[in-house]
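Dear colleague,

I am passing on the structure we spoke about, and my notes on it follow below. Please read them with the model open beside you.

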Amino acid sequence: MHQGAWLLWALSGGLVAITTTNPFYLLPLLAVAWVVHAACARPGPQARSFRIFLIFGALTICTRTALVLFLPDIQFGNVVEATLEGLRLAVLLTVFGAYNTVSDPFGVLRLSPRRWHEPALAASLALSIAPRTIEAVTTVREAQRMRGIEVRRFRSLTALAVPVLETGMEEAVVLAESMDARGHGRGRRTRYRPERWGWQATIVSVACVLAVGVAGSALFADDASLAMSAFPIVWPEVSPVMLLAIVALSAPAWLPLGSPTRKSR
Amino acid sequence: MRLRLRSSLLGVALLAGALAPIATAEVACAASSAALVVSTSSNNYTFCVELGGSSVNGIQLIQRAGSQHGLQYKLGFGGNAVCMLANVGASGNDCFGEHPHFWGYWRDNGSGGWNWSGTGASNVTVRAGDTSGWSWGTGDSGSSHPPPPPTTYESVCGATPAPDPRPKPDKPREGHSDGAKPKLSGEGGGETVTPTPRDGDPKVADNAEREGPKGKKKDGDAKGKRKDNAEGYEVVAPSASPSASPAAISNPVGATARDPDPPVAAFAALGLTAVLAALGAVLVRRRRRLEGT
C-alpha cells in the first residue's frame, strides 16, 4: 500500500487514541493496531518493534499509575484515572509500533515534495530510529552468539552498545552517500519506481478520515463517553458510532495489499 | 527470546498488580471532617466531608463530597479546575465555557465569613474543621464575586469534629442516585458518616432538604445539612442521636447520575476487542507457518 496511506493511518489511530480515556474505546483500538500489525507487518527484524512498543506501553501504564503515589491523598478514583491515562499513552505507542512494522520509512521520505526534503528526511530518520536500532541489536547479538560470546542481559550491554551505535553511524553515512549519489540536494530528483496510489489506499484513507471525523466531532461536541469518570466510578457510556469508527481503522488488515512476504528489499 | 519477552511482560503485570493495592491503601485514621459549601445562584448545599485523618486539597474535598454524599461535579484542566458542581456550570471540558460566570473558591475566615482564595483549589490544604465554599457567579476577585452565605463549620458538621463511628469507605461506589428520583438512600450510596444533629434541631428542621430533586425551592438557609444515611444503619455520633427521617432526604445534586447497570455497548466493545485480538493471533500464526516453509 502507498506509504502516504500508512502515514494517514498512523496519524488517525493516534488522534483517535488521544481523544479518549474510555477503556472501551482504547482496548478495541489496541486490538486494531495488533490486527493491522499481524496482517501487514513487513518481514524482517523490524517486525519486532511492535513488541518492543507494546512493552514500552505496559511500562508507561505502570509508570503513570505509580505517579499516583506522589499525590497527598490517594483515592481509588485517582488510581483508575492515572491508569486510564497511561493506557491512552500505551495505545498511542502501540499504534506507532504497528506503523513502524508496516511502513517503509524511506518510502515515506520519497513522498515529500522536493522543497520539504530536508525536514522530511529528518522526520523519516526519527520515525525509523526504533526499528533500525532493534534491527542493529538483533544483528549484533546474533554475531556475538555465533562467535561464542555469551549474551547476557545486562553485563554485555557495553559490548552491545558500541557496535549498535557504530552501525547507526555507518547507516547514516551510507544514507547520506547514497542520497548524494542520487542527486539529492541538487535540485533535481527523479523518482525511481514511484509508488502507486491503489484503490486499497483510497479505502484506507476514507476509513481513516471517517474515524478521525467521528472522534473529532465527539470531542468538539463534548461527548461524555470520551472520558471515563472516576469519581465515582461508573460504567462509561459507549457510543456504537465511535466503536464502528475505531473498527474502520482496521481496514488495512482486511484488504489485499499484495503479499508483503514476497517483497524483498 | 519469546520466553524472555513473556517473562518481562509477566514482570510488568506483577509490578502493576503490586502497585495497585499500595496506591489504593488508605490509612483508616480517626475521623475528621471539613465543611463544604456549594452555592449555586439559586441553591445552597452544604456537606460535611469526612477526611479520614488526612488532609486533602480543595479539589479532593469535592471528590470526597462526591463519593460520600453524591455531589455531582466535573473537573477540568487536568483535574485542577472546577467546571461543574451540583449540575451548575460548564458542562464541557472548558471550565470557563460559561464565562463570565464561573465557580469561585472561598475559604472560611474562622468566624463564619469568607475569604477569597487567591490560590487554586488544588494547591490549598483543607484540614479538619475547615470550611470551604464554592459560589457560582461573575467577578474575578473577592470584591466582585458573590460569596456563599455565611456558614460556620459547626452549622454544617455539628458541634465538634466527632470521631468516626464506622470505617471510612475506601472507594466511591456507583449508583449514588437513579434518574430523577429523589435519593432514597437504601441502595449503594449511603456510606456517609456525617455526625447528625439532634432531632428537632431548628437548624435542620427549617432547611430545604426535603424538597424535590430539582431543587427549585430557594434555600436561603446556609445550614442546609445533608444526611445520606442508609436505611438500616443509623449513624451514631457522640453528640447526636440518630436521625429520624433518613428516607425523606432528597439529593438535589445527584439527579443526573447514570444507570449503574453496565451498558451493553461496553460488553460489545470488549467482545470486539477479543475478536480482533484472536484474528490477529490467527494471522500471525499463519504468517509464521508461511515463513517457516
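**Notes on the model**

His69(B) sits in helix α2 (residues 58–69) of chain B, where helices (H or I, at least four residues) and strands (E, at least two) are DSSP runs numbered from the N terminus. This is a predicted model, in which local features need pLDDT of at least 70 and side-chain atom pairs count only at pLDDT 80 or more, while totals for chains, interfaces and linings use all residues. Residues are numbered from 1 along each chain as its sequence is written, and chains are lettered from A and ligands numbered from 1 in the order in which they are written.

His69(B) counts as buried because it has 27 C-beta neighbours inside 10 Å; a residue is buried if 20 or more other C-beta atoms lie within 10 Å of its own, exposed if 12 or fewer, and partly exposed in between, with C-beta atoms placed from the backbone. The C-alpha atoms of His69(B) and Val49(B) are 8.1 Å apart, although 20 residues separate the two along the chain.

Also in chain B, three strands make an open antiparallel sheet in the order β4-β5-β6, two strands being paired if DSSP finds at least two bridges between them. β4 (73–76) and β6 (88–89) of chain B are at the edges with a single partner strand each, so one side of each has no neighbour in the sheet. Four bridges join β4(B) to β5 (residues 81–85) of chain B in the antiparallel sense, and Lys74(B) has Met84(B) in β5(B) as its bridge partner.

Chain A, by contrast, has 10 helices and zero strands, and 44% of its 265 residues count as buried. In its helix α2 (residues 23–40), 18 of 18 residues are buried, and this helix reaches 25 Å from first C-alpha to last, close to the 26 Å expected (1.5 Å times one less than the number of residues).

With best wishes
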